[in-house]
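Try each task before you read its solution.

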Amino acid sequence: MHIKNLIPKDKFDIETVEKLTQYSFEDIEPIVPDLLEWLQDINWPVSQPIAEFLIPFSEKIAPEILKILKGKDEIWKYWILTTFGKNIKNDLVLQEINRIAKNPTQDEIDEGVNEIATECIVL
């Protein structure tokens, strides 16, 4: 199977997501950015199973998480922090979480991203 076939085709493609568990992190590493895109809205049916699959690899995907947190999609940041924020120990990601909590942009405030960031650093 070509690894790209493990990227869901749509938000209801649970069957494809279930196949992820048959592969190692090294196998799926090239498609991590694609999988993270499905966490832009945690209400999509594929989002929760993808999140559960990726959480154990939080440290390994820290560079991708950091890209999202430094980006401009506040809703995506919100869901990434909700999913990974309490598990991640990567220094650069933690610095960005601290920045969001203590010095958020207006957009981050408007979407409540700073509140989730604060919850992540309180622990």
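**Exercise 1: the overall fold**

Read along the sequence, the protein chain runs α-α-α-α-α-α-α-α-α. This is a predicted model, in which local features need pLDDT of at least 70, side-chain atom pairs count only at pLDDT 80 or more, and totals for chains, interfaces and linings use all residues. Residues are numbered from 1 along each chain as its sequence is written, and side-chain values use heavy atoms, with hydrogens and water left out.

Task: work out how many helices and strands the protein chain has, and whether its radius of gyration agrees with or departs from that of a compact globule.

Solution. Start with the elements: there are 9 helices and 0 strands (DSSP runs, H or I of at least four residues for helices and E of at least two for strands, numbered from the N terminus). Next, take the radius of gyration, computed over C-alpha atoms, with a globule rule of 2.2 Å times the number of residues to the power 0.38. For 123 residues a compact globule would come near 14 Å, and the chain has 14 Å, so the two agree. Finally, the C-alpha trace spans about 45 × 25 × 20 Å along its principal axes.

**Exercise 2: aromatic rings**

Task: find how many aromatic pairs the structure holds, and describe the one made by Phe25 and Phe57.

Solution. Count the pairs: there are 4 (Phe, Tyr and Trp rings, using the six-membered ring of Trp, with centres within 6.5 Å; planes under 30 degrees apart are stacked, over 60 edge-to-face, the rest tilted). Phe25 and Phe57 are tilted, at 5.0 Å centre to centre and 35 degrees between planes. Phe25 belongs to helix 2 (residues 25–28) and Phe57 to the loop between helix 4 and helix 5 (62–69), so their pair ties together parts 32 residues apart in sequence. Phe25 is buried at 5%, and Phe57 is buried at 18%.

Definitions and conventions. Buried means under 20% relative accessible area, exposed over 50%, partly exposed in between (1.4 Å probe, protein chains only).
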